[in-house]
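Reader: I am new to this structure and would like to understand the terms used for it. Could you take me through them step by step?

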Amino acid sequence: MKRTFFIFSLLLAFSIFVGYGQEKSPELIAIKDATIVPVVGQTIPSGTLLIKNGLIEAVGQDIDIPPGAKIIDAKGLYAFPGMIDSTCTLGLEEIGSVSATIDVRETGRINPQVFSVEAIRPDSVHIPISRSNGITSALVVPKGGLIAGKSGLIRLVGYTPDELVIKSPVALHIEFPSGRGSRRRSTSPTQEQASRQIKELKDIFHKARYYQKRKEAARKDSRLALPEFDEILENLLPVVNGELPVMISVHAEQDILDTIKFVKEENIEAIFYGVTDGWKIPEEIRESGIPVVFASLYGMPAKWEDGYDALYRNPSVLSKAGVKIAFSSQSASLAKDLPYHAAKAAAFGLDKQEALKAVTIYPAEIFGMGDKLGSLEKGKIANVVLADGDILELGTNITHVFIDGIEMDLSSLYTELLDKFKKRHK
Amino acid sequence: MKNKFIGLFVCLSLLGFMNVSYGQDLLIKNGTILTVTQGKIPNGDILIVDGLIKQIGKDIQAPEGIQVVDATGKFIIPGILDSHSHLALSGINEGTEAITSEVNMRDVLNADDTGILTALSGGVTMIHTMHGSANPIAGENIVLKMKWGKTAEDLIVHEADRTLKFALGENPKRSRASGTSTTPRYPQTRMGVNAIIRREFMKAKNYMEQWDRYEKLKAKKKPPKNLIPPRKDLRLEPLTAMLRGEIVARCHAYQADEMIEFINLSKEFGFKIACFEHAWEAYKIAKEIVANNIGLSVFSDSWAYKVEASEGIAYNAGFCTNQGVLVSINSDSGERIRRLFNDAAKTMKYGGLSENEALKLITINPAIQLGVDDIVGSLEVGKHGDIAVFHEHPLSAYTRCEMTIIEGEIYFDRELYLKEREEMEKKEKETAKKKKGGQQ
């Protein structure tokens, strides 16, 4: 466990300055005359953004462009931070109906030992498509069972899984109660079954703490027996030690309340996912201080009585109550649609600025990367997107994408096939 | 005896026809009107009388007593059409046999499907609701208006073309059918799918000839004695209707190769393909599709859900439109149907379509494909008062549908909906309070 942590931290530290097989970055890039939307702070008309060694060196209006810098004339273009998909299956899923191409769901109910990033296929056709739509990082999340596994945050470029990983693990994923209130299931567990699942979780956490204590005690006192290795408990240690947050998929009103209680009692750091019924209890969620990642808004309300727009207005209600929110595509082939989920919520009352933040700075903060990703500020990783309009709009064209200061090739399976068959139709 | 029954049936249907009352009167004031076929009118009004558009323009005087909708700052477009849906049906797939051309969606209409409300909340006023894709030759489809609260019969659009569903590729060859059945159903390959369709049309041709010969002999001055009519075959009837040009094919297809083969079949037998459905590889054979005057009813970008959709590029709709194909964007879903306007907007990015071209994909184009472009699909005088009102431009990601109108009747009104919801919530809270008070 510790070792994995160490390796990933090392990777994080060094990989920023390494080219990922794409063209090697010039040391200095100056994007000039862009309308800069830093997300944090005011929009800067005709501003300059300076990138040095993969990091944002300066953002503003009166910035001297150093000699030797590669200049990108961005007149008429807008600069945004690269977007972050807060839950997706990029790299884990290629073709929906072909199980051989899917590595999302491990069998069994309790799987804290699996790491999503260890199954990521860097050559997934969905990665370049998402990237060319302005998404530069994504949380890749395992699904299924009560404890699904551990997620990782990736950059959307790289030849090997290691080149892709920014941070792993980011969270342990719990689906509580598995099945209940989820829009995708036809049958829901009863309240009794749900309570049993909470109890099951509490039992496991309790065991992990006891396991920890026994290990510590044995280390201090050589007369005490070291407990037998337990894969599940071993993999829960970072959570019970407060080093790793849990991301809990929860939907129904009572389940959200129960989960808040569970999180408090266990004294663990938590992120909510889904929260379909959140709009019914915004105050309780705000008081819990737990941020919320929404699932895809491409869905129907859990119940007709909730109103046809329940999913659409949920983000607005929670945001206005003061909950920190983020959006997700919950997909691989449609990860590219991330901005439209945010815009859809804005169509139903969410402040447009907040909608933008919920695909940039908020996810960065929620995943503990607020000082490195999610906005255009000095010192941050230079994930920059240039577009001819509002990045959340359907008709907007993305013209440039930089990841770690490296300009990306925007071609994808889409453009390759288009070009091939354009030739046939000349 | 039989003829009498048919006669009675025809009379009754005619009566039904004559009784069709085209809706209501309504004046929509001061919105940005996107007519789709006749340009854009800023601050325009639309007058609907007896369910039909009577006048479009500026400062239309309100006739006395007419209901007026204030659309200031809003966008008015023709009601959205979904060219490929499965809503309002109590059965979709008759998958027990490969050929089921005798089944008809008209027999399984379900006017109580709440999917109709979902459609209305997304500005959809008309759908082409279809048999599923489990069979190479499936059943007859039907066109409906989303008149929530009316009877099934009231929903039917009699003016629409008659269409028969066909399906090629993974679904009819049962690539993902559950392993419970002991004997696989023929066909299991694309070869078999093509062969079975050919077989049925050969049968239909023969059947048609049998009837033609019979009718010819019967029409003679001296018909032969003991002349017996051929046996009626309900399965072949729709196919002969296709050979006579009375029913057109709507063919579920993904791969370019299978579409080419189906075009070949249509030439071999002389039937008309109105549309390929989904058609994810149409961009590979756009010129063949144009040359054969075939429409496309496709997704905007939902793809990679199976192998035959794994080269489905989001440029498909835009590219084919630019090549001259008549394209519509469909939902094929009870959920996606409420955001067809979002899906249409994506073609501006993928394919560079203009706003109006993008809007056509969900209005006049599907109307042409369904043979109802003379009554719906655009805002023109004389057409049905089927209208959707949006609070921002309908192709903006930030927009939402505010009102949906069919034949001058308001079927969805967000403002009213919110008001009613608020009142209901208030009432619920009060009852809860009272209950609590009672317990203490």
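**Strands, sheet and a helix**

Author: Strand β6 of chain A and strand β7 (residues 135–140) of chain A pair in the parallel sense over four bridges. This is a predicted model, in which local features need pLDDT of at least 70, side-chain atom pairs count only at pLDDT 80 or more, and totals for chains, interfaces and linings use all residues. Residues are numbered from 1 along each chain as its sequence is written, while chains are lettered from A and ligands numbered from 1 in the order in which they are written.

Reader: What makes β6(A) and β7(A) a pair?

Author: Two strands (DSSP runs of E, at least two residues) pair if DSSP finds at least two bridges between them; β6(A) and β7(A) have four bridges, so they pair. In this pairing, D85(A) stands opposite A138(A) in β7(A).

Reader: Which strands form the open sheet, and in what order?

Author: The order is β6-β7-β9-β10 in chain A, with mixed pairing. Its edge strands are β6 (83–88) and β10 (165–167) of chain A, each of which pairs on one side only.

Reader: Which residues of α12(A) are called buried?

Author: They are Y414(A), L418(A) and F421(A), where buried means that 20 or more other C-beta atoms, placed from the backbone, lie within 10 Å of a residue's own, and exposed means 12 or fewer.
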